[in-house]
Amino acid sequence: MGQTSTPSLRTTENTIRVVRALKELDGAGVTELATHLSMSKSTVHDHLATLRRHDYVTKDGDSYEIGLGFFEMGEYARKRRKIYEVARPEVADLAAETGELANLMVEEHGRGVYLYRARGEKAVTLDTHTGKRRYLHNTALGKAILAHLPDSRVDEILDRHGLPAATPNTITDREQLHQKLAEIRERGVAYCGQERVEGLQCVAAPVLGRDDEVLGAISVAAPTTRLTGERFAEEIPELVLQAANVVEINVTYS
């Protein structure tokens with residue numbers, strides 16, 4: 001019998017399933033969770049009681065919700081990334097200067113995680129937030145990161161997460177993606193032309209550390225009506241590259 005079948009590991013996995021289901025359902029009662037997870041009500045109740053006792057779950061009437069204990073852990077994890085504190089003022093300045101949405105993303109477990117976001121005065125509202133995980137292949141941020149990972153690591157990520165389509169513009173062919181990543185390495189910036197959200201364009205640049213280790217990426221996102229022509233091809237890429245360069249220097253020598 002494999003190690004993952006031991007009772008202690010099954011218990012941990014079930015606790016994680018309960019937490020994720022609470023998020024997915026936006027709060028739920030024991031019966032709803034048990035049905036959703038195909039688990040017994042008594043088992044679900046025991047997991048919830050333990051989580052609540054340790055301040056990771058709250059209860060309002062018969063409904064349980066994710067507690068702020070996870071927020072404390074998430075904020076701790078974010079601050080452990082040196083790039084966060086260094087890049088935050090540059091991303092904020094980028095948003096203010098462009099008037100658009102500026103982002104900082106890092107890679108973890110083969111997915112992109114938004115570490116920080118700043119809104120300019122004209123910034124659009126999207127289905128993303130700090131901490132949100134995204135596929136790497138269909139965003140400018142993700143492609144900027146993938147372009148500077150070893151090919152073997154890129155293939156590991158694609159083997160695990162695939163190349164699902166979000167819009168008709170999403171790259172879903174592995175060879176085509178590798179060609180695009182080579183172009184990004186040569187050009188220095190990555191573009192996203194409505195590959196994750198129709199009507200949205202994005203420009204991103206990687207943040208590289210010593211020995212060209214990719215630490216993350218910075219981007220500006222805006223509607224296609226505002227991010228076109230010279231602004232899309234030259235103005236915004238230059239600003240994003242400048243911001244990434246400042247972060248690289250400060251991360252390396254701070």
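Which side chain of opposite charge is nearest to the buried E90, and how many Å away is it? The figures below take up this question along with several others. The model is predicted.

**Figure 1. The whole protein chain.** The chain has 254 residues, and 45% of them count as buried. DSSP runs give 9 helices and 8 strands. Along its principal axes, the C-alpha trace spans about 60 × 40 × 40 Å. Take the contacts with a separation of 6 or more: residues 24 or more positions apart account for 55% of them. The charged side chains number 32 positive and 38 negative. The centres of these two sets lie 6 Å apart.

**Figure 2. Two annotated spans.** The UniProt record, an unreviewed entry, places "domain: HTH iclR-type" at residues 9-68. Over residues 9-68 the chain is 63% helix and 13% strand. The end C-alpha atoms of this span are 25 Å apart. The UniProt annotation "domain: IclR-ED", also from an unreviewed entry, covers residues 69-253. Residues 69-253 are 46% helix and 23% strand. Here the end C-alpha atoms lie 34 Å apart.

**Figure 3. E90, a buried charge without a partner.** E90 is found in helix α5, which covers residues 82-98. This residue is buried, yet it has no salt bridge. The nearest side chain of opposite charge is R88, and it is 11 Å away. What does E90 touch, leaving aside its neighbours within four places in sequence? E90 is in contact with A243, V246 and V247.

**Figure 4. A118 in strand β4.** A118 lies in strand β4, residues 111-119. Its relative accessible area is 10%, so A118 counts as buried. Leave out residues up to four places away in sequence, and A118 touches V91, A92, A95, E100, L101 and A102. A118 and L104 are 14 residues apart in sequence. From C-alpha to C-alpha, they are 9.0 Å apart in space.

**Figure 5. S219 in strand β8.** Is S219 buried or exposed? S219 counts as buried, because its relative accessibility is 0%. This serine sits in strand β8, residues 214-223. Its contacts, not counting residues up to four places away in sequence, include L94, L101, A102 and N103. S219 also touches L141, C202, V203 and A204.

Figure 6. Side chains of opposite charge can pair when their charged atoms come close. The chain holds 14 salt bridges. One joins the side chains of E75 and R78, at 3.0 Å from N to O. Both residues lie in helix α4, residues 69-80. They are 3 residues apart, about one turn of the helix. R78 counts as buried, because its relative accessibility is 16%.

**Figure 7. A salt bridge between two loops.** D127 forms a salt bridge with R196, and their closest N and O atoms are 3.0 Å apart. Where do the partners lie? D127 lies in the loop between β4 and β5 (133-134). R196 lies in the loop between β6 (190-193) and β7 (200-208). The pair therefore ties together parts that are 69 residues apart in sequence. D127 is partly exposed, with a relative accessible area of 48%. R196 is buried, with a relative accessible area of 14%.

**Figure 8. A salt bridge between two helices.** R174 forms a salt bridge with D159, with the closest N and O atoms 2.8 Å apart. R174 lies in helix α8 (residues 174-187), and D159 in helix α7 (residues 151-161), so the pair ties together parts that are 15 residues apart in sequence. R174 is partly exposed, at 31% relative accessible area. D159 counts as exposed, because its relative accessibility is 57%.

**Figure 9. A network of salt bridges.** Which residues are linked in a network of salt bridges? They are R81, E108 and R133.

Key:
Residues numbered from 1 in each chain as written. Predicted model: local features only at pLDDT ≥ 70, side-chain atom pairs only at ≥ 80, totals over all residues. Heavy atoms only, no water. Helix = DSSP H or I, 4+ residues; strand = E, 2+ residues; numbered from the N terminus. Buried < 20%, exposed > 50% of the residue type's maximum accessible area, 1.4 Å probe, protein only. Lys, Arg positive; Asp, Glu negative; His and termini not counted. Salt bridge = Lys/Arg side-chain N within 4 Å of Asp/Glu carboxyl O. Contact = heavy atoms within 4.5 Å. UniProt positions renumbered as here; feature names shortened; annotations may be inferred. Charge placed at Lys NZ, Arg CZ, Asp CG, Glu CD.
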